[in-house]
Amino acid sequence: MAGRRYELDMSQGSILKNVLRFAFPFMLANLLQLLYNAADIIVVGRWAGNDAMAAVGTTGALTNLLINLFIGLSLGASVTISRRYGAQDGQGVYRAVHTSMLLSAIAGVVAMLVGLIFSRPLLALMGTPEGAVLDGATLYMRIIFIGVPASLVYNFGAAVLRAVGDTKRPLYILAATGLVNVILNLVLVIGLGMGVEGVAIATAVANYLSALVILYVLIFSDSVYKLYPKELKIHKKELLEIVKIGLPAGIQSSVFSLSNTVIQSAVNSFGATAMAGSAASANLEGFTYTPMNAFYQAVVTCISHNYGAKNEKRINKSILISMACAIVIGLVLGALSIIFSEALLGIYITDSPEAMAFGRSRLLVIGLTYFLCGTMEVLTGAHRGLGASTLPMVNSLLGACGFRIFWVMAILPLYRTPEALFLCFPLSWTAVIILHSAFLPFVKKKAIRRMYAEE
């Protein structure tokens, strides 16, 4: 019974309490995961210089572009398992878990090969400055992609646990492996004099450690989601459901990253100093985004549990409660990031007033408006929890990605300032919110009709 005490059935009890119980450990876990990259940037910024910091910072959007397609599938796995868990379909959970974990291993190998082969030409295509920055970024990305198979195994394993409401053990795992990552950063960069390769090795090692621990948890569980390694198999029905929900989510994330890669290219055109300032600000923004994103995950799981249990009223309430929580978090943390911007950016940047100024410009625009991103995320989660994944993908492609690319190509040349560049973020979030809100009533009506038809 040891594993079952971590489970949370979100089809019963207080919705607000369930959402907070689910979101808070998930929030802390993702903040710890975010510290992986934060530790990389802080260590190289302080002990390896601006070029090394720019090299690490410029890889984020491109790395996400290459792996988010696969990580999106883990969302499909979580929804598929959640629905069967809510319906108390033990055999369905078994099939979905074993399909998901085998899929994660296959996807991890494919993603690693893509990253190893295409990292340098894509970095060059982004306009990454030749010389130390491009060489460092390439080396960093290639080592990171060696750890991607482990990262995907961990993400799918964590998706299995989230599907049954367990967000505590992923937190414990990342607390331990995050500490390992930080210690290795210090040892390899400061102690052994490595540069970007040191922080990349530390992250890859931490990823493999996370994967091993999550596999241990699943294999030695005594609950319905127990993993039997010898019984790993692709089950067609579950695979199709995972792909139906997860593939559009992955495509959306990848195209989001594509639009962010276009923005990163525009940042690169301002020079290495601007790249360092933007990288520091972007990393700080993650500490606001990640808590908001916890309510995206909470609404997906809450809706999926209640869909499986056929609790229509709780589906509606879970959307409103999750959205309110995300907005409050976004407003509070966004404001704090602006108030303490100089001190926070000073953690990353120690010797460049120009980089600091560029970072402050970005942080001001994003911090004031980041609650819009949280609203957009929860609405996206509501669509996905209801089983509609293609529509939010299309909305995001048009309202966010298309708008950002248009802005960089057509508007930025007319007003070439950092503030003009970063204004495309809140405008694109607003566009997606409008589209999601317009279609949600129709998606909900169709999902409820399908839910009762499955009786």
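Predicted model: local features only at pLDDT ≥ 70, side-chain atom pairs only at ≥ 80, totals over all residues.

Colleague: At 11% relative accessibility, how does Gly178 count: buried or exposed?

Modeller: Gly178 is found in helix α7, residues 168-191. Its relative accessibility is 11% and the cut-off for burial is under 20%, so Gly178 counts as buried.

Colleague: What distance separates the C-alpha atoms of Gly178 and Ala206?

Modeller: Gly178 belongs to helix α7. Along the chain, Gly178 and Ala206 are 28 residues apart, and their C-alpha atoms are separated by 6.8 Å.

Colleague: Which residues have the most contacts inside the largest nonpolar core?

Modeller: The largest nonpolar core has 66 residues. Helix α10 (residues 272-309) supplies the largest share of this core, 12 residues. A second, separate core has 29 residues, Ile81, Met101, Leu103 and Val217 among them. In the largest core, the residues with the most contacts are Phe295, Leu421 and Trp429.

Colleague: Which residues does Thr288 contact, leaving aside its neighbours within four places in sequence?

Modeller: Thr288 lies in helix α10. Because its relative accessibility is 4%, Thr288 counts as buried. With those neighbours set aside, the contacts of Thr288 are Gly330, Leu333, Gly334 and Tyr370.

Colleague: Why does the pair of Phe425 and Trp429 count as tilted?

Modeller: Phe425 and Trp429 are 4 residues apart in helix α16 (residues 424-453), which means that about one helical turn separates them. Phe425, at 7% relative accessibility, counts as buried, and Trp429, at 4%, counts as buried too. Planes under 30 degrees apart would be stacked and those over 60 edge-to-face. The ring centres are 6.1 Å apart and the planes are at 35°, so the pair is tilted.

Colleague: Which residues form one aromatic cluster with Phe425 and Trp429?

Modeller: Trp429 touches Ile366, Thr369, Tyr370, Leu372, Cys373, Met376 and Arg404, not counting residues up to four places away in sequence. The residues that form one aromatic cluster with Phe425 and Trp429 are Tyr289 and Tyr370.

Colleague: How many residues apart are Tyr94 and Tyr228, and what is the angle between their ring planes?

Modeller: A search of the whole structure finds 9 aromatic pairs. Tyr94 lies in helix α4 (residues 90-125), while Tyr228 lies in the loop between α8 (196-219) and α9 (236-268). Tyr228 is partly exposed, at 35% relative accessibility. The two tyrosines are 134 residues apart, and their rings form a tilted pair, 6.4 Å centre to centre, with an angle between the planes of 55°.

Colleague: Over which rings do Arg83 and Arg416 lie?

Modeller: Arg83 is 4.0 Å from the centre of the ring whose face it covers, that of Tyr307. The charged end of Arg416 is 4.3 Å from the centre of its ring, that of Phe270.

Colleague: Where does α13 bend?

Modeller: Helix α13 (residues 353-385) has 33 residues and reaches 45 Å from its first C-alpha to its last, close to the 48 Å expected. The bend, of about 55°, is at Thr369.

Colleague: And where does α14 bend?

Modeller: Helix α14 (residues 390-411) has 22 residues and spans 29 Å between its first and last C-alpha, close to the 32 Å expected. Its buried residues include Pro392, Gly399, Arg404 and Trp407. The bend in α14, of about 35°, is at Leu397.

Colleague: Gln88 and Lys310 have a positive phi; what are the values?

Modeller: Most residues other than glycine have a negative phi. Gln88 is found in the loop between α3 (60-86) and α4 and is exposed, with a relative accessible area of 70%. Lys310 is in the loop between α10 and α11 (312-339) and is partly exposed, at 25%. Phi is near 55° for Gln88 and about 60° for Lys310.

Key:
Residues numbered from 1 in each chain as written. Heavy atoms only, no water. Core = buried A, V, L, I, M, F, W, Y, C linked by side-chain atoms within 4.5 Å. Buried < 20%, exposed > 50% of the residue type's maximum accessible area, 1.4 Å probe, protein only. Contact = heavy atoms within 4.5 Å. Expected span 1.5 Å × (residues − 1). Bend = angle between axes of the 7 residues up to and from the residue. Phe/Tyr/Trp six-rings, centres within 6.5 Å; stacked < 30°, edge-to-face > 60°. Lys NZ or Arg CZ within 6 Å of the ring centre and 35° of its normal.
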